[in-house]
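Okay, thanks everyone, let me put the model up and walk you through some bits of it.

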Amino acid sequence: FMYHSCTSASPSINGTWSPTNEMEETRPLQSDEQPSCDHRRRRTQKPTLDDLRREIQMDEHVVSLEELFTRLEVDPECGLSNDQVHFRQRRDGPNVITPPRQLPEFLKFLKNLVGGFSLLLWAAAIMSLVAYGIQQATVDGGDQSNLFLGIILVALVLVTGMFTYYQEAKSERIMKSFLKMTPENTKVLREGGHRDVRVDSLVVGDIVEIEYGNRIPADIRLIKCSGFKVDNSSLTGESEPQSRNAHSSNPNPLESKNMAFFSTDAVEGTCTGVVVRTGDHTAMGRIARLTGIIKGEKTPFSVEIEHFVRLITIFAVGIGVIFFVVSIFFGYNWFSAVIFLIGIITANVPEGLLPTLTVCLTLTAQRMKAKNCLVRKLEA
């Protein structure tokens with residue numbers, strides 16, 4: 001058992017080391033030692049947006065392999081022992097990225113019923129029913145047109161809302177099915193023997209072997225390579241495959257040739273590497289958490305719809321109020337003036353716009369699907 005004195009590194013929440021500005025003396029946890037409260041606190045503490053926007057703080061790609069093996073307490077010829085693996089699994093959790101919190105299905109459905117232009121149609125339907133109620137209270141055998149209009153508007157909003165929800169739910173199911181296509185196993189060296197294990201059971205310090213066609217199962221420091229290339233387009237946006245080797249080439253870990261990152265693809269060659277980050281602590285995990293913290297911006301289409309709804313509402317209410325005042329001025333009774341006000345406002349609501357937009361967007365989504373482009377949200 002050894003203590004490591006370091007002026008620029010401290011243990012991270014994933015059992016690896018990251019640079020800090022303070023001088024401190026630290027040590028790795030032993031396999032027979034329980035995680036401390038400090039480790040649990042670090043693992044459960046939620047990062048802020050400023051924390052995630054900073055550059056990745058790590059030095060596993062610049063230190064020598066011997067020092068890295070010492071830090072991770074792993075023998076590169078034998079791998080980790082089962083006791084070490086079980087301890088690190090308890091300490092760090094599974095090697096998966098925590099999915100963002102999803103809205104319950106009934107809230108998604110309600111959002112389609114009352115969001116955007118639907119809200120204006122709901123207002124028109126309610127006013128139509130109110131007008132019908134006033135007519136029934138003041139006139140015997142009043143006109144039934146407002147009742148029919150209110151019922152039709154309610155049915156229109158319900159049908160278009162259900163149709164939109166169905167289309168988006170179908171796209172979301174297809175997106176989730178893509179996750180099942182990802183290989184669940186990877187080859188790892190443990191207790192001196194090679195074995196296939198589930199990707200989510202990998203821990204920091206595991207020695208993994210990767211060949212072309214595999215997906216990188218975690219953030220790994222490469223030990224040896226043979227014509228190895230990776231596709232980093234999902235992480236860095238680089239369209240061309242990037243060659244990799246066992247030598248550090250850049251202080252930035254994302255640019256260093258001796259690093260391969262979780263969820264990127266091996267497109268050529270083979271390599272052996274040691275896992276340095278898993279799960280939410282990987283580079284891709286940071287991106288996932290960053291997107292979860294940032295509030296989603298409105299699409300240009302939804303912005304235009306909101307702008308249109310505001311204009312229609314101001315215009316309809318303005319015209320209705322003007323005619324209400326004119327009706328009172330010419331001697332109509334209060335109930336008749338209110339009915340006139342509601343009728344003017346309802347008449348200025350384009351009831352056919354919502355189903356027209358929904359059908360057009362659905363047809364466009366179907367055409368894009370035929371070209372292997374999946375639309376998750378119609379308004380996007």
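So, Ser 263: at 18% relative accessibility, it counts as buried, where buried means under 20% relative accessible area, exposed means over 50%, and partly exposed is in between, with a 1.4 Å probe and protein chains only. Before I go on, this is a predicted model, so local features need pLDDT of at least 70, side-chain atom pairs count only at pLDDT 80 or more, and totals for chains, interfaces and linings use all residues. Residues are numbered from 1 along each chain as its sequence is written, and side-chain values use heavy atoms, with hydrogens and water left out.

Back to Ser 263, which sits in the loop between β10 (259–260) and β11. Those labels are DSSP runs numbered from the N terminus: helices are H or I with at least four residues, strands are E with at least two. Ser 263 has a positive phi of about 80°, and it isn't a glycine. For background, most residues other than glycine have a negative phi.

Now α3 itself. The buried residues there are Leu 65, Leu 68, Phe 69, Arg 71 and Leu 72. They span an arc of only 160° around the axis, so they're on the same side of α3; the arc is taken from the directions from the helix axis to the C-beta atoms.

That brings me to the cores. By nonpolar core I mean a set of buried Ala, Val, Leu, Ile, Met, Phe, Trp, Tyr and Cys residues joined through side-chain atoms within 4.5 Å. The largest one has 21 residues, and among those with the most contacts inside it are Leu 68, Phe 69, Leu 72 and Ile 207. At least two residues each come from α3 (65–72), β11 (265–277) and α9 (283–293), and α3 gives the most, with four. There's also a second, separate core of 15 residues, including Phe 228 and Ala 266.

Next, the strands. Two strands pair if DSSP finds at least two bridges between them. β5 (residues 185–190) and β6 (residues 193–198) run antiparallel, joined by six bridges. They make a hairpin with two residues between them, and Glu 191 in the turn has a positive phi of about 50°. β5 also pairs with β7 (residues 207–211), again antiparallel, over three bridges. Lys 187 has Asp 196 as its bridge partner in β6, and in β7 Lys 187 stands opposite Glu 209.

Last topic, rings. How many aromatic pairs does a search of the whole structure find? Two. Rings of Phe, Tyr and Trp (its six-membered ring) pair if their centres lie within 6.5 Å, and planes under 30 degrees apart are stacked, over 60 edge-to-face, the rest tilted. Phe 109 and Tyr 165 have ring centres 5.7 Å apart and planes at 75°, so that pair is edge-to-face. Phe 109 is in α5 (residues 105–114) and Tyr 165 in α7 (residues 145–179), so the pair ties together parts 56 residues apart in sequence. Phe 109, at 24% relative accessibility, counts as partly exposed. The other pair is Phe 329 with Phe 330, edge-to-face at 5.5 Å centre to centre and 90° between the planes, and both of those residues are exposed.
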